[in-house]
Amino acid sequence: MLEIKNLHASVLDIDDSEILTGIDMKVNKGEVHAIMGPNGSGKSTLANVLMGRFDYLVSEGDITLDGESIIELRPDQRAHLGMFLAFQYPAEIPGVRPWQFLKTALDSKAESRGEDKMSVRNFSKLFDEKVEAVGINPNLVKRSLNEGFSGGEKKRNEMLQLEVLQPSLAILDETDSGLDVDALRIVAEGVNSMRSPARSFIVVTHYQRLLNYITPDVVHILVAGKIVKTGGPELALEVEKDGYNEYLSATGANV
Amino acid sequence: MTNQNTISRESDLSGGEYKWGFVTDVETDLAPKGLSEDIVRLISAKKEEPGWLLDWRLKAYRHWVSLYESEGEPDWAMIDYPDVDFQDIYYYAAPKGTNEAPKNLDDVDPEMLETFEKLGIPLQERAALAGVAVDAVFDSISVATTMEKQLGELGIIFCSFSEAVKNHPDLVKKYLGSVVPYTDNFYAALNAAVFSDGSFAYIPPGVRCPIELMTYFRINTEGSGQFERTLIVADAGAYVSYLEGCTAPFRKTSQLHAATVELVAHDDSEIKYSTIQNWFPGTPEGEGGVYNFVTKRGRADKNAKISWTQVETGSAITWKYPSVILRGDNSVGEFFSVALANNHQQADTGTKMIHIGKNTKSTIVSKGISAGKGNNTYRGQVQIMPGAENAVNHTQCDSLLVGDQCGAHTVPYIEVRNPTARLEHEASTSKVSDDQLFYLMARGLSEEEAHHMIITGWSRDVIKELPFEFALEASQLLKVSLEGAVG
């Protein structure tokens, strides 16, 4: 469903800032792909470029979703097509309730697809269910979005949004960073319970430990903006054991 | 807008066509442009005012002339506009002739209709706001009539200022100018001399006004100055919540609006005053728009409370500092404000809290939003007088910048003359960040929706102080007012 072809991306308005240096990747429906790599290899950039963040310039290549190029689409349009990015550092939005935010997001999506908006009553029910399932402190969701949330709480809140919005392609950008084992398990359970033949995941991570809980179909090693190796779940274990040095020296990247 | 819990009046500020006659002879109603003692006398005569009121107007006029000749317009605010030609304004403009008014909604600027649509203003009201000469009686008026009877049984008076002068002259005479004397400032003097109409409310001792009182002001006539005067008196132990909405049609020429509002809160009473100001801000290129020079002040006696809440999205220029004189012991003053300056709008607004009584307490929450080439200034004064033992003030003023061509300024004046006072001042300036926008858009919100959500969330501390329907309108207004500022 998602295909990335020779993708080059740099930071907007900065010369010689190419971060992604030619990525090729194909994610079929129902698959879980893990993208691993050392710090600075371009993992988060890839996640953000996939979602259409404005401050990157795609200089070459293409991204297609179900055969259609999405490179010209804004982030909201990509979201309407079923894409979702769980953020590494979710933004704090003072005065905005998570409930209100998610209802608006769901309504925008329904509207873009010409579907009826969910009633407030049904949405409230769904929201309460998911709050419980994700294990967020119910008092927290009465506060401002992400404001004063701990790192773990922010990640759970991302999972809450994932559960409510039910995307067809979810990208998790280092959702495991800063999580304790319990929280990690909750994230993994969320992903596992949502795995279905119609939904794909791209899990971006630095460490292998999340993959103890989520078994990927495909693992990619990203180094210096390029995918240097692709394999099955066993690849993650190799990296865990041997580190990234082998790949770093192969690409000549600075450690 | 009008519901069971609101009584609403419409007030046409352009001379009284709406409720108060003088329309039989159009010729005599068209006073020439310009300000003179004769014009002041004419206004007073047209309104069949008693001699004492004419005298008061004339004193105000002479004071204004002396200010005009000695100092001219006040220039200390951070606003920039060409000098107002006070002789090029109609001070007693007859209501626009029906020949120049649009005949029906089809003749009205579609852009304006679209705005009303977005604001959810009922159809009949849209026609009125657009300046269409309609004969239809608005729903809100008939509601008002039935409600007026109920209010009458409680002894509450709520009527136009002109009616109050006719029917309750003693009350008007007692309180008019008692909080904002005509000598107060340049525009207060001008208003006192030529005020056209406005609202009057009186709540008798111990009465809690059971519904919100509301006035919807509108400016219609082109080239005319608008000078309304509002006086609200809560007698001992009374309570009232008053709402004020302001809208003006789109005009390419600038209009001068100089209003005065006086609040009198006697012992143990409470007045809550909410404003949504949406006078025409001018075109995106900075043409036209209302110059909004307003003096609003309340006097709080012992244990009384006055609360100002304002959402200021309109006007080309806003110069407005709703204030509270905390005269009585234990009195409380509050000011909650959201002011938005988009395109070429300039807002210089804030408050004054004058602590005179013991244990007086004031709270200031000011939120300034600047977008486009807008300039927003918070100007606030907190004054603790020598006798104000244990006075407390908390001030929070926040500025939000949208884009990189706008400005935000904060000018607090603090004067403490009693060592037992406790004052806190917090200020912040932030920008709508790319991270916030991307976060919301990645969930499916359009760029405009995302901006709107960030801005209303940021303004929430103020908007939540508004009565419910007003809060919805305020949120919608912020959205409409920011269109074009983003994207």
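These notebook entries record what I looked up in a predicted model.

**Conventions**

I worked with residues numbered from 1 along each chain as its sequence is written, and with chains lettered from A and ligands numbered from 1 in the order in which they are written. In this predicted model local features need pLDDT of at least 70, side-chain atom pairs count only at pLDDT 80 or more, and totals for chains, interfaces and linings use all residues, while side-chain values use heavy atoms, with hydrogens and water left out.

**Entry 1: the contact between the chains**

I began with where chain B meets chain A, taking contact as heavy atoms within 4.5 Å. I found 18 residues from chain B and 35 residues from chain A in it. The size of an interface is often given as the accessible area lost when the parts come together. I therefore used buried area, defined as the accessible area (1.4 Å probe) that two parts lose on being put together, summed over both. Chain B and chain A bury about 2100 Å² between them, and 65% of this is on carbon and sulfur atoms. Of the area that chain B buries against chain A, 39% comes from Phe438(B), Tyr439(B) and Arg443(B), more than from any other three residues.

I then looked up polar contacts (pairs of N or O atoms within 3.5 Å; within protein, one must be able to donate a hydrogen and the other to accept it, and residues adjacent in sequence count only if both atoms are side-chain atoms). Between chain B and chain A there are eleven residue pairs in polar contact, both residues being at pLDDT 80 or more. Which helices of chain B each supply at least two residues of the side that touches chain A? They are α10 (434-441) and α11 (447-458), where helices are DSSP runs of H or I of at least four residues, strands are runs of E of at least two, and both are numbered from the N terminus. With seven residues, α10(B) gives the most to that side.

**Entry 2: salt bridges across the contact**

Side chains of opposite charge can pair when their charged atoms come close. I counted a salt bridge where a side-chain nitrogen of Lys or Arg is within 4 Å of a carboxyl oxygen of Asp or Glu. Two salt bridges join chain B and chain A. In one salt bridge, the side chains of Arg53(A) and Asp435(B) meet at 2.8 Å, N to O. I classed accessibility as buried (under 20% relative accessible area), exposed (over 50%) or partly exposed (in between), using a 1.4 Å probe and protein chains only. Arg53(A) counts as buried at 15%, whereas Asp435(B) counts as partly exposed at 43%. I also noted a network of salt bridges that links Arg53(A), Asp55(A) and Asp435(B).

**Entry 3: salt bridges within chain B**

I next examined the salt bridge of Lys305(B) and Glu334(B), at 3.6 Å, N to O. Lys305(B) lies in strand β11 (residues 305-312) and Glu334(B) in strand β14 (residues 332-341), so the pair ties together parts that are 29 residues apart in sequence. Lys305(B) is partly exposed at 25%, and Glu334(B) is buried at 14%.

I then turned to Asp348(B) and Arg379(B), whose side chains form a salt bridge at 2.7 Å, N to O. Asp348(B) is in strand β15 (residues 346-355) and Arg379(B) in strand β17 (residues 375-384), 31 residues apart. Are these two residues buried or exposed? Both Asp348(B) and Arg379(B) are buried.
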